[in-house]
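Look at the structure first, then read on.

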Amino acid sequence: MSELLLNHLGGRWLPGTGAGTALFDPVLGDELVRVDATGLDLPAGFAYAREQGGAALRALSYRQRAEMLGAIVKLLQANRDAYYAIATANSGTVKNDSAVDIDGAIYTLGTYAKLGAALGEQRFLLDGEPAALAKDGAFQSQHVQLPVRGLALFINAFNFPAWGLWEKAAPALLSGVPVVVKPATATAWLTQRMVQDVVDAGILPAGALSVVCGSSAGLLDALQPFDLLSFTGSADTAALLRRHRAVAERSVRVNIEADSINSALLLEGEAPGSAAFDLLVKEVVREMTVKSGQKCTAIRRVFVPQALYAAAAEAISARLAKTTVGNPRNEAVRMGALVSRAQLATVQQGLQALKAQAEVLHDGATHALVDADPALACCVGPSLLGTRDAAGSEAADRVHASEVFGPVATLVPYRDAAHALELIRRGEGSLVASLYGSDDARLADAALELADCHGRVHVVSPAVAAVHSGHGNVMPQSLHGGPGRAGGGEELGGLRALNFYHRRAAVQAAPGVLVRWAQG
Ligand code: NAP
């Protein structure tokens, strides 16, 4: 039987008492390790995190906590090879795709280490200037932000076991809030190993970082009113969590990142083969194939003027055809596996459902697998679908509503700019839309038109071809999250991320009281 990974809770390494759930190599089919959370005393472990971890973190300044993040960066960098090996085995990703997760995590931590250092020796944040409540200013209101005195529970998705932990933990720990992470079972190994390395290195105070691997049973029951819950995953699970009494009755603050039907839009006035056209084609192919399309930010819908439908279909398909799919250990392979047989089946089902309302422009099934057994490997070639004409784009409802979490996108022709915006809005709120064009005024107008229903609008013009950060790359400096279907969450965005981990209060007092904080 494979190794059983330990949980870290209440300051101790603990095995579950059950048989455990096995994690598999999605390419070779081998059992790798097992996880189990049966029998853990979650209420006691959570109390330890709040009382020991929280108190120790809050006793430090932002600068001191930022230093800890810096130390974590160094440790993770030193162990990168081990993390890459786990990602290859457990996520089936090629090196470049593992980098998005692992190096993306390290970069995000490093960014928060720098941002935190600039906050200096403070232990809380002033929010705005004092406001006069009496005519002569003799009585004033000052808003302050204090780290919450609960813990932050992260329930994470399978596709980012490294980045998904640290993009949340960096602002939480910097804020002085202890973290309990429950990784998705399928890929829990990498999260567990990183937590183990950081805990064993003694960088953080006891209770500051805990990990529970395996079933989520009982986690929400152990939450208390000042705790926080940050969830990344499917809309169905999100709906369950919102209804839980911890949220409904105890007002546990929740952040949700869920499904998203992200868009790429080629503006009008761009010819086939123009710089903007080529940038769209390149980005769509990259987004479809990076991590086999298992990215919450990946482009799912590609909007082009209807006169350019055939040209765009041909250009994207030609690039997709060159994608080699299979065993990530083979240097010739550009796209590895989906995460599990279950995901493979879900993607195939979703693809079938979309096909009922669309034509196939590039068929993923035409990609022979390199160095991988199709009966075992969870690999699938990239598929481009299309809704044929503007009328077809309107009639197809599934493409605007159903997220196929794999290398699948649909080309959607539009009549005019207003039509394109209306179709994009049928996604009911997304993480990101990217715009491609060469006319700055048109790009600026379209960006504002879409900003209310997206967390991020990524504008690509020829001037930024070599420097833009990529449609799907989540940069810690920019907001990550989206309204509506995308879950309504907000993460990252520089120091804005700290808001979730702080409580705002107004203190009303004489200026002589309030001025003491301004003096430090
Ligand atoms: P999922 O089934 O909802 O699982 C997500 C997490 O929730 C896992 O850790 C899972 O644990 C846990 N979970 C499942 N049922 C639960 C319950 N009843 N109570 C508490 N926790 C529960 O989602 P998924 O299929 O793994 O993830 C793919 C989805 O995540 C996609 O739809 C994608 O769009 C979304 N996603 C969004 C973002 C974003 O930032 N917006 C990022 C990545 C992924 P187990 O694994 O143990 O079941």
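Helix H5 gives the largest share of the lining of the largest cavity, four residues. Helices and strands here are DSSP runs (H or I of at least four residues for helices, E of at least two for strands), numbered from the N terminus. A cavity is a set of points on a 1 Å grid over the protein atoms alone where a 1.4 Å probe fits but cannot get out, a pocket is an open set with protein on both sides within 12 Å along at least five of seven lines, and lining residues have an atom within 4 Å of a point.

The model is predicted, so local features need pLDDT of at least 70 and side-chain atom pairs count only at pLDDT 80 or more, while totals for chains, interfaces and linings use all residues. Residues are numbered from 1 along each chain as its sequence is written, and side-chain values use heavy atoms, with hydrogens and water left out.

**Cavities**

The whole structure holds seven cavities of 30 Å³ or more. The largest cavity is lined by 13 residues. Nearest its centre lie Phe 160, Trp 163, Gly 164, Glu 167 and Thr 232.

H5 also gives the most to the lining of the second largest cavity, with three residues. Strand E23 (491-492) is the other element that gives two or more. Glu 167, Lys 168 and Pro 171 are among the lining residues of the second largest cavity, as are Glu 490, Phe 500 and Tyr 501.

**Pockets**

The largest pocket is lined by 29 residues. Phe 158, Gly 233, Ser 234, Thr 237 and Asp 259 lie nearest its centre. Helix H7 (235-243) is one of the elements that supply at least two lining residues, along with strand E11 (228-232) and helix H11 (341-355). H7 has the largest share, four residues.

The second largest pocket has 20 lining residues, with Val 94, Lys 95, Asn 96, Val 333 and Arg 334 closest to its centre. Helices H3 (80-91), H4 (95-117) and H9 (275-289) each supply at least two of the lining residues. The largest share, four residues, comes from H4.

The table gives volumes (the space filled by probe spheres set on the points, with grid points joined across faces, edges and corners). It also gives lining classes: Ala, Val, Leu, Ile, Met, Phe, Trp, Tyr, Cys and Pro count as nonpolar, Asp, Glu, Lys and Arg as charged, and the others, Gly among them, as polar.

| Space | Volume | Lining classes |
|---|---|---|
| Largest pocket | About 690 Å³ | twelve nonpolar, twelve polar, five charged residues |
| Second largest pocket | About 480 Å³ | six nonpolar, seven polar, seven charged residues |
| Largest cavity | About 90 Å³ | four nonpolar, five polar, four charged residues |
| Second largest cavity | About 70 Å³ | five nonpolar, two polar, four charged residues |

**Helix packing**

How do H4 and H5 (residues 163-175) pack, and at what angle? Their axes lie 8 Å apart, at an angle of about 10°. That makes H4 roughly parallel to H5. Axes are lines fitted to C-alpha atoms, for helices over the stretch in contact, and angles run from 0 to 180 degrees between N-to-C directions. Angles under 35 degrees count as roughly parallel, over 145 as roughly antiparallel, 65 to 115 as roughly perpendicular and the rest as oblique.

H3 and H4 cross at roughly 130°, and their axes come within 10 Å. H3 is therefore oblique to H4. Here Tyr 83 and Tyr 84 are among the H3 residues that meet H4, and Lys 95 is one of their H4 counterparts.

Key: Contact = heavy atoms within 4.5 Å.
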